[in-house]
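Hello,

Here is the structure I promised to hand over. My notes on it follow below.

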Amino acid sequence: MVIRRFILTAVLLAAFVSGLCKPLHYALANVSGGLASDRRVALVIGNSRYGSVAPLVDPERDSRAVAATLTELGFSKVMLEADLPRDRFLSRLRTFAELADHADWAIVYFAGHGIEVNGDDFLLPVDARVLTDTDVESEAISLRQLTAATAKAANVRLVIIDASRSNPFFASTTREMGDHRNDEGLAPPGPTGDVAVVLSAKAGQLAREGGQFANSPFVASLVKSLRKPGLDLDASFHRTRNEVIVSTGGLQEPALYGTLPKLAANTAGRTGGISLSDDAAWESLGATVDRTSLTRFTEQFPRSPWSAAAHVRLAELQRALVISDAIRDDKSATDTIDDTPVTISCGTPGVELTFCEREVAIWARNTGNKVKVIPAPAPMDDRLNLYLKSLESQETNLDIMQIDVTWSGILADNLVDLYAYSSGTENESLPTALDAAVVSDRLVAMPWFVDSGLLFYRKDLLAKYGLKPPQTWEELAESAAAIQKGERARGKRKFQGFLFNGLAAEGLTCFALEMINAYGGQVKNDENGVLSIDAAATEQALKTMSGWIGNISPKRVVRLSEEAARQEFQNGNVAFMRNWPYVLHLTEENSSNLRGKVGVTPLPRGGVLGNRTGVLGGWQLAVSKYSRQRKKAASLVLFLTGIEVQKERAIEGGYAPALGALYRDPDVLKSNAIFPDMYTAVTNSIVRPSRLLGPKYDDFSTILREEVKDALSGKTSPEAAAEAINTRLYALRAPQQK
Ligand code: GLC
């Protein structure tokens, strides 16, 4: 039996033109874009807060955007529902079906998790606990129930599904269901009858997320197209489709099943519909940079779709003012010691240092300047301490530092605001990477490369033992044990099933968050700033981790950094390893004895439910406030983080670029097996709470890594460690947000 599950953030709009019985109606509608007497109803559902898995971000935001748009378009009733458990889901559907029975248009929007079982799509209420395919019928709501709810609407029944998120909710595929699994994207919906169904990403593709503050690309385009005066639904879909293809660089292609009618959602001039005067007013403003006119527009049309654009432009103008102040400031900075080399501290893992030396030499040659590269200490804590010491004592001999994404808040006050130099180039970075570089509206670093935790495995050994890459941590334990046993029996006495960075350092904080998230847990911050992590998920994660020690992982794993684990893996005596993306490039080098033998996959999920997500990592370049050569230093930073250098590092070194455009670059995509999926991985990675905690992040990380280390070494039980984490977090508290 085949079961396929996925995150389903779905916009469901059901439409059908009963063309035979209402020819006159259509003729009129085609001319006017709709009839003023149309009754149009919509049910809009955003399921975000699931009980058994990590919450989703997009559904809430996207459902609100769709509901707001339909309201503005003059729908007579828009039912906006959030976080529906099954019983309420059914009752809302019943209520809606009654409305739809007497309506001309019926639209249903659903955003949340979904499941496809043998070609049938099911949507998940927030209380769903689907453990086997047979649970689905009783736990979930079928797509057919939704389309049926729209069935009696007279003119428009339209279903659009924005699905297949890249951080999929892979529900269980228990053994009896067979091995055929496809965890990505949706299948085409079954027969849609009279209903047109639109999928935001065609079968097998992943839909892109919206990032922290934006709607998903699909919903952003959809609402824009629906608002276009006079644009009929069919044309709306095609416009949305084209826009999404362009905005995702061809990675996402919406698909239509069935037929959409030539009726416009924005019927120009209808009562209660979108006001055209805001369109006209916005048009008349053109590309104005006059702050007063823009502010007046937002006050006059607070609900207009253009108001958001006006706010964005106002924010840009504000930023421009700050930048010009900064540049004025900078003129006073001493920048005359041209013979003094610019000093840069670069990381050393893998081939980082070699690359850094090579790249700065090019800049030095091109500009006639001198550069001195200082290798950063390998242990991250030592490196942070070195930078802190240098900055606190206002040393002038360290101009540029390569800093972790979690250090921006810790070091911000001592770093130069690079907005003064960047000319907007920072905006080319992935939003998650840029978020990490901006502290209190200052660009304290330029993103350089990004990371996300991954599982590496030996393809040759999996094939030898007839195994597949594990999807759950439980499967990993079984497979690792089987390979370890087999290899040891064949004389490889030191063979290890699974290695990870168990050293009590930042890397262990990352892995602990990944494990907790695999079991559905995450860091929470309540309105009083109290931090907590789901105790049950933490306990389960720690149980799993400590269960490895002495079985598939050696006791000394608690002393291994990522680099140490990688080196051991490359010696050929390890089956599985958790690590960062740069590893694959090294195992593929000509000199590597593992060439062609290493596979990579997202980290497994915990149990049959759960998430397969890595922690977002990455590095940035920052300029010290005490540098006497800020301009030169900033110019080197911009060169190193520019597209040419990032592209070369990606292709030649396997570093995942921070620049979004490089994920559409064919040379980059084909250079390394990781890159095609990396965009999705990093845009959905777990973000450590360093922005939230600022300088206190270090304490958070210490709590987590210490407690996890104690659980791994058997000093405390997983239960006690989970409890201790929350007790210590309670004492920590996040700074209150304004
Ligand atoms: C990687 C990540 C970084 C993380 C570190 C932990 O270098 O890029 O963000 O903090 O690993 O060891």
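C346 and C356 are both buried, where buried means under 20% relative accessible area, exposed over 50% and partly exposed in between, with a 1.4 Å probe and protein chains only. This is a predicted model, in which local features need pLDDT of at least 70 and side-chain atom pairs count only at pLDDT 80 or more, while totals for chains, interfaces and linings use all residues. Residues are numbered from 1 along each chain as its sequence is written, and side-chain values use heavy atoms, with hydrogens and water left out.

The two cysteines C346 and C356 are joined by a disulfide, S to S 2.0 Å (a pair of cysteine sulfur atoms within 2.5 Å). C346 belongs to strand 10 (residues 342-346) and C356 to helix 11 (residues 352-367), so the bond ties together parts that are 10 residues apart in sequence. Helices (H or I, at least four residues) and strands (E, at least two) are DSSP runs, numbered from the N terminus. The torsion about the S-S bond of C346 and C356 is about 45°, so this disulfide is right-handed. The structure holds 1 disulfide. Another cysteine, C510, is buried too, at a relative accessible area of 2%.

The other item is a helix contact. L542, M545 and S546 of helix 19 meet V708, A711 and L712 of helix 27, contact being heavy atoms within 4.5 Å. These residues divide into 5 nonpolar, 1 polar and no charged (nonpolar: Ala, Val, Leu, Ile, Met, Phe, Trp, Tyr, Cys and Pro; charged: Asp, Glu, Lys and Arg; polar: the others, Gly among them).

Regards
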